[in-house]
Amino acid sequence: MKAWEANVRRVEPYVPGEQPRGDRLIKLNTNENPYPPAPGVAWVLHELDAAALRKYPDPTATALVQCLAEHYGVGEDQVFVGVGSDDVIAMAFLTFFHSGKPILFPDVTYSFYPVWAKLFDIPYRTPALDAGFRICPQDYYGDNGGIIFPNPNAPTGILMPLEQIEEIVRRNPSVIVIVDEAYIDFGGTSAIRLVERYDNLLVVQTFSKSRAMAGMRIGYAIGQPELIQALCDVKFSFNSYTMNATSLALGVEAVKDEAYFCETTAKIIRTRERAKEQLRELGFSFPDSSANFIFASHERVPAGELFEALRQNQIYVRYFNQPRLNNYLRISVGTDEEMDALFAFLKEYLWKA
Ligand code: PMP
């Protein structure tokens, strides 16, 4: 062992979904939007002046903060933006989960949460989902150092009703409750409307899913001004210029086009509902998803086998080889054509299997 090795921080990193290369594949493994961003985004990108990139971007990301504040009807001092919601949530862990008491998140959820907790030395407990993969709100009523969960949850897609979320927030006035709404636009009501009544609630959203801009890396949090100020103080102690000039310009443009946003999210929801019917007919069962993915298990054929067979045919879905999840595939909702190709393959494969 080298002398310095004992002083190196060792972590077990989060493993993101595969980003395979090639145009002939069907990519349903990372919950990306199958449609392009709003048309204005391409136009603004085309008009961007490369010479302007010599300057640092606006450290307060004012244009994007302003347009999000207007869009959600909150104050500019209630919006924090970051490099994808991953960055926003990491900053929130660092800022709000500082009591030394264990924070709480479900045992089956976004697998980045335990990675941040370990990275920042935050103790945590993971209450188990019930037999139907639902979060049990009562598990979050006891003493804790903070709470985070996605709504809808990932990878189950199950939506928690807003009243249950409010009860969790109401019963935890001395800690911050973070609701990670990465998938909320595909069928839920946002907890943003609760923010004015609860100073311990932080709602996080992203441009990566419903706004089809995962490649741009934009996320944001909405909460009362004290929370946003605390987040900004930590951010400015870490990296002043998290948001690059291009993200700021394109992000603003994406928020402007509400009609396109409504049209594409409605299309994805329609395809998802059709996919549920088809999967059921093929012998799959799954929790009822309100997200842009379906977490499905086949009555006969193990998920690991299906995952490999699909992969060999250039159809990528996500498989989590861990207890409780290892007989499920998380299938992102693509275009109707992509889903039809998936179903055609499955039909043939399952008939032979
Ligand atoms: N939260 C959840 C529940 C997610 O599934 C994801 C996507 N992997 C994220 C947050 C992060 O998304 P992004 O950083 O692209 O905004």
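**Figure 1. The loop between β5 and α5 contains Pro152 and Pro155.** In this predicted model, the loop that holds Pro152 runs between strand β5 (147-150) and helix α5 (162-170). The peptide bond leading from Asn151 into Pro152 is cis, and its omega is near -5°. Pro155 is also found in the loop between β5 and α5. The bond that joins Ala154 to Pro155 is a cis peptide bond, with omega about 5°.

**Figure 2. Strand β7 and its partners, β6 and β8.** Strand β6 (residues 177-180) pairs with β7 in the parallel sense, over 4 bridges. Within this pairing, Ile178 stands opposite Leu202 of β7. Strand β8 (residues 219-222) pairs with β7 in the antiparallel sense, also over 4 bridges. Here Val203 stands opposite Ile222 of β8.

**Figure 3. Tyr198, in the loop between β6 and β7.** Tyr198 has a relative accessible area of 13% and is therefore buried, since buried means under 20%. Leaving aside residues up to four places away in sequence, Tyr198 touches Glu166, Val169, Arg170 and Gln224. Tyr198 and Tyr14 are 184 residues apart along the chain, and their C-alpha atoms are separated by 31 Å.

**Figure 4. Two residues other than glycine with positive phi, Asn31 and Arg217.** Asn31 has a phi near 55°. Its place is in the loop between β1 (26-27) and α1 (39-47). Asn31 has a relative accessible area of 1% and is buried. For Arg217, phi is near 60°, and the residue lies in the loop between β7 and β8. Arg217 counts as partly exposed, at 30% relative accessibility.

**Figure 5. Helix α2 and the elements that cover its buried residues.** Helix α2 spans residues 62-72, and its buried residues include Leu64, Val65, Cys67, Leu68 and Ala69. An α-helix has 3.6 residues a turn, so residues three or four places apart point the same way. Among the elements covering the buried residues of α2 are strand β2 (79-82), strand β8 and helix α7 (245-256). The residue that follows α2 is Gly73, whose phi is positive, near 65°.

**Figure 6. An open sheet formed by 4 strands.** The strands stand in the order β9-β10-β13-β12, and their pairing is antiparallel. Strands β9 (284-285) and β12 (318-319) stand at the edges; each has a single partner strand, so one side of each is left without a neighbour in the sheet. Strand β10 (residues 293-298) runs antiparallel to β9, and 2 bridges join these strands. Phe284 has His298 of β10 as its bridge partner.

**Figure 7. The packing of helices α9 and α10.** Two packed helices are described by the angle between their axes and the distance between the axes. Helix α9 (residues 303-312) packs against α10 at an angle of about 120°, and their axes are 11 Å apart. The helices α9 and α10 are therefore oblique to each other. Their crossing is right-handed. On the α9 side, the contact is made by Glu305, Leu306, Ala309 and Leu310. On the α10 side, the contact is made by Leu342, Phe345, Leu346, Tyr349 and Leu350. The residues of this contact divide into 8 nonpolar, no polar and 1 charged.

Notes
Residues numbered from 1 in each chain as written. Predicted model: local features only at pLDDT ≥ 70, side-chain atom pairs only at ≥ 80, totals over all residues. Heavy atoms only, no water. Pairing = 2+ DSSP bridges. Axes fitted to C-alpha atoms, helices over the stretch in contact; angles between N-to-C directions. Parallel < 35°, antiparallel > 145°, perpendicular 65-115°, else oblique. Left-handed = near helix turned anticlockwise from the far one by under 90°. Contact = heavy atoms within 4.5 Å. Nonpolar A, V, L, I, M, F, W, Y, C, P; charged D, E, K, R; others polar. Buried < 20%, exposed > 50% of the residue type's maximum accessible area, 1.4 Å probe, protein only.
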